[in-house]
Amino acid sequence: MLKRLLFMCIGLTCLGGAWAAPLEVVATSPSMGALVRAVAGDRAKLGILAGPDRDLHQLQVKPSMIRALRSADLVVAIGAELEIGWLPPAIASAANPAIQPGRAGYFEAAAQVPLLDAGGPADRALGDVHPVGNPHVDMDPVRMTTIARALAERMAQLDPGGAAAYRQGAETFASAVEQRLPGWRARLANAPGVLLYHRDAIYLLERFGVPLLGTIEAVPGVPPSGRYLSELTARLEGQRGVIIYAPYQAPKAAQKLARDLGWQAARLSLEPPLKADGNGYLAHLDVWVEAIASGP
Ligand SMILES: [Zn+2]
């Protein structure tokens, strides 16, 4: 312990004069960052690799990512291959043994919960970006409570002195979700259904029994053809629904469908704001719930 204190003293505490957070955590997305804040509070010094409007399916590795990963004790990723194009090479370049996949310093949210779209005919060769199951688990508040508890245990393993604080953080987050659920259920009870661009909010829809009416892309990660969009319009004609697409998804098809079907189209981020904590994450879901509920 004395050695650890001395090390911290030399590394951070005494130089800066401030209390050094026991864990240096790098989250891939703002949703994972919000969960880190909910569980660890100020015991974690947090870095987030991607802003809320970035497409996590296809980021480029940047030197700033490698720098952040080099000194991290823990990486918190969404997982299920969502970040496969850029996180593994960034971790390899950071050459930090503590955060290699399989080590305690590497945590994937999707590995903690059952996945939707798993075991289907998905094939990356056909362009599908979800070959091992749908990774977008951060859109389900209930799965997020399971993930929060698993994250608390992982942080307790890395920083035993904070175990009680991490477990308390996860339980506080779980209670806040629990309190929110009845209101969300009531608000979404008669929701007409949602047309998504990509299967990225399906966990939220499934949690509250809201029908998924289709996706604007034909296969995850593959833009729609004109013929596919005509078929989609013909199929949905006369029904009620809402269209929701993310800031990084092409808006043209969504807006044309909205005009042709007489539906509302909402452009919503899949991620909470960069500075969100557990409450910020819940407020982010409030926005989604309102958009889904406010169909014609
Ligand atoms: Zn996806």
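Tutor: Happy to. Two residues are in contact if their C-beta atoms, placed from the backbone, lie within 7 Å. Helices (H or I, at least four residues) and strands (E, at least two) are DSSP runs, numbered from the N terminus. Residues are numbered from 1 along each chain as its sequence is written. This is a predicted model, in which local features need pLDDT of at least 70 and side-chain atom pairs count only at pLDDT 80 or more, while totals for chains, interfaces and linings use all residues.

Let us begin with the sheet. Two strands pair if DSSP finds at least two bridges between them. The open sheet has four strands in the order 2-1-3-4, with parallel pairing. Strand 2 (44–48) and strand 4 (106–108) are the edge strands, each pairing on one side only. From one strand to the next, the twist averages 20°; axes here are lines fitted to C-alpha atoms, for helices over the stretch in contact, and angles run from 0 to 180 degrees between N-to-C directions.

Now for the pairings themselves. Strand 1 and strand 2 run parallel and are joined by five bridges, with Leu23 opposite Ala44 in strand 2. Between strand 3 and strand 4, also parallel, there are three bridges, and Val76 stands opposite Phe107 in strand 4. A residue is buried if 20 or more other C-beta atoms lie within 10 Å of its own, exposed if 12 or fewer, and partly exposed in between, with C-beta atoms placed from the backbone. Strand 1 is mostly covered, as four of its five residues are buried.

Next come the helices. Helix 2 (residues 30–40) packs on the sheet, where it touches strand 1 (23–27), strand 2 and strand 3, and its direction makes about 175° with that of strand 2.

Helix 3 has Met65, Ala68 and Leu69 as its buried residues. These cover an arc of only 95° around the axis, so they sit on the same side of helix 3; the arc is that of the directions from the helix axis to the C-beta atoms. On the face turned away from that buried side, helix 3 carries the exposed residues Pro63, Ser64 and Arg67. The buried residues of helix 3 pack against strand 1, strand 2, strand 3 and helix 4.

Helix 4 (residues 87–94) buries Leu87, Ala90, Ile91 and Ala94. Seen down the axis of helix 4, these fall within an arc of 100°, which is why they line one face of the helix. They pack against helix 3 (63–70) and strand 3 (74–77). After helix 4 comes Ala95, whose phi is positive, near 50°.

Finally, let us link this region to the core. A nonpolar core is a set of buried Ala, Val, Leu, Ile, Met, Phe, Trp, Tyr and Cys residues joined through C-beta atoms within 7 Å. The largest one holds 83 residues, of which Val39 and Val75 touch the most other members. This core draws at least three residues from each of domain 1 (2–179) and domain 2 (188–293), with bounds that come from an automatic or database domain assignment. Leaving out residues up to four places away in sequence, Val39 touches Ala148, Leu151, Ala152, Met155, Tyr166, Gly169, Ala170 and Phe173.
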